[in-house]
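Please review the model below.

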Amino acid sequence: MDRADRTDLEDSADGAAHISGRPPKARSVRERLTVPVLAFGGILMAVMQTAVVPLLPDLPRLTGASPGAVSWMVTATLLAGAVLTPVLGRAGDMYGKRRVLMAALALMTAGAALCALSSDIRVLIAARALTGAAAAVVPLSISILRDELPPARRGSAVALMSSTVGIGAALGLPLAALMVQYADWHAMFWATAALGALGLALVWWVVRESPVREPGRFDVPGALGLAAGLVCLLLGVSQGGQWGWGSPTVLGLFGAAVLVLAGGCVQQLRAERPLVDLRLAVRPSVGPAHLAALLAGFAFYANSLVTAQLVQAPKASGYGLELSVVATGLCLLPGGVVMLALSPLSARISAARGPRVTLALGSAIIALGYAVRIADSRDLWMIITGSTVVAVGTTFVYSALPTLILRAVPAGQTGSATGVNVLMRTIGQAVSSAAVAAVLMRHTSPVAGLPVPTLHGYLLAFAMAGAVALAACATALALPRDPDGAGTRRVFGRGGKAVGDRAMEGA
């Protein structure tokens, strides 16, 4: 009997005990800590990615490097994360999810420690590339939750795990800004390295290795092809604004990405054990979920980008509030708190109505949040309200996406499939960053001799992100229904809404 069958039997036994009045089987301390420890790892990943943001304006002075070189500290993390997420997800399916999760956390911690030890921009860029491995933490953790938790506790745990991306980002920016303002900038990296070491130790002590494996030989050619194609694609997207969208370099990168990824698709279709199962990825129950992840990543990321720039704009622009970096981070903090508080509710909705409905509802709420931003982006309380509404919708979307994947793919391919879904979200964020930058650069006016985006430019960015959110809603509605509830039961158990309610208590 495999672990999935055992957990189903355990869940049934717990339910029977509840009905008969007998207490369910007690769980050990380590079992109770599994979800919090994995969620802590997800928050660390998001903190690690956002912690460098407050430093970027000062790093040219601190390191003696050009602003273009400093920007590679962000680009390197993006590229490494995009490449390693599906690769480590597949490795987790084959060699053990706990083992690969610990490797990802170790690389993240090592990268932070290297940043703390050096002021050389070359070392800093290489170290930030190491921290990109942390992008695989969330999909690997979701795979572990599927294997280790009974369905009654799985839904809310997956929702919480998905929300850690927004929670960590909302916490990381103000905390990092405070450390940068009142301590040496290396102290921030020492702090994140210490937190990473703590997370690694907790995973080693608490999390059990999953027995669910997908045997076979690792697809090295597929991994190399995917890495080359993604690097070309994301490098062109992330640097297009700086190098010129019509420059030979950027056009060459896009052309190379098309050729390499097309060749990689052919290779993956022929491989006996492909890195990414394309036949599975294009199924009606999986393909739209990946597309929705890309669109949702675009819509959510625009909120953080535009809000941060808008509130820091000078007052002479006529709309800016000229807030500090710390105050800017605090403006985004309510969104992180909301994501933490509402993740159980998103699990309940998915248990009762299905993740398809949760995804469509969340996307519509994101679009509503941008409508609020368009209505008023001058008053601080309205800016925070609109940003928080977008965070509410993102909570529902990010919790529904892995649930859709879990109910549609075999247990042995969970890590790979969720890794691809996170990859699509990452690509959406990269495209969002480039699109928002292009819109704002085309709509500027001089303020104190410097070009500053106009309010009209910000409103266009909000409208663009809102339209993308509505496209994500339409994509969600294109997903097939689950009329017999079989897919939902595989994730949430057999109790429908009641099981979803019990999941809150378990997680």
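## Positive phi residues

A448 counts as exposed, because its relative accessibility is 80%. The classes are buried (under 20% relative accessible area), exposed (over 50%) and partly exposed (in between), with a 1.4 Å probe and protein chains only. A448 sits in the loop between strand 1 (444–447) and strand 2 (450–453). Its phi is near 55 degrees, a positive value in a residue other than glycine. Helices (H or I, at least four residues) and strands (E, at least two) are DSSP runs, numbered from the N terminus.

E322 also has phi near 55 degrees, positive in a residue other than glycine. E322 lies in the loop between helix 13 and helix 14 (325–353). Its relative accessibility is 48%, so E322 counts as partly exposed.

## Basis of the model

This is a predicted model: local features need pLDDT of at least 70, side-chain atom pairs count only at pLDDT 80 or more, and totals for chains, interfaces and linings use all residues. Residues are numbered from 1 along each chain as its sequence is written, and side-chain values use heavy atoms, with hydrogens and water left out.

## Salt bridges

Side chains of opposite charge can pair when their charged atoms come close. A salt bridge here is a side-chain nitrogen of Lys or Arg within 4 Å of a carboxyl oxygen of Asp or Glu. The count comes to five salt bridges. Which residues are linked in a network of salt bridges? They are D93, K97 and D147. D147 pairs with K97 at 2.9 Å between the closest N and O atoms. This pair links distant parts of the chain: D147 is in helix 7 (residues 137–148), K97 is in helix 5 (residues 97–117), and they are 50 residues apart. D93 pairs with K97 at 3.9 Å, again between the closest N and O atoms.

K97 is buried at a relative accessible area of 1%. D147 is buried at 3% relative accessibility.

R122 and D120 meet in another salt bridge, at 2.9 Å from N to O. R122 counts as exposed at 63% relative accessibility. D120 counts as partly exposed at 27%.

## Helices 16 and 17

Helix 16 (residues 380–408) packs on helix 17 (residues 414–442) at an angle of about 145 degrees, with axes 9 Å apart. Y398, L401, I405 and L406 of helix 16 make the contact with T414, A417, T418, N421, R425 and Q429 of helix 17. Contact means heavy atoms within 4.5 Å. Axes are lines fitted to C-alpha atoms, for helices over the stretch in contact, and angles run from 0 to 180 degrees between N-to-C directions.

## R283 and A408

R283 is in the loop between helix 12 (278–281) and helix 13 (287–312). It touches P288 and A408, leaving aside residues up to four places away in sequence. R283 and A408 are 125 residues apart along the chain, yet their C-alpha atoms are separated by 8.9 Å. R283 counts as partly exposed, because its relative accessibility is 41%.

## Nonpolar patch

L171, L175, L178 and Y182 make a nonpolar surface patch of about 410 Å². Patches take residues with over 30% relative accessible area and no salt bridge; like charges are joined within 9 Å, nonpolar side chains (Val, Leu, Ile, Met, Phe, Trp, Tyr) within 5 Å. Accessible areas come from the Shrake-Rupley method with a 1.4 Å probe; for residues, only the protein chains shown count as cover. L175 belongs to helix 8 (residues 151–182). L175 is exposed, because its relative accessible area is 52%.
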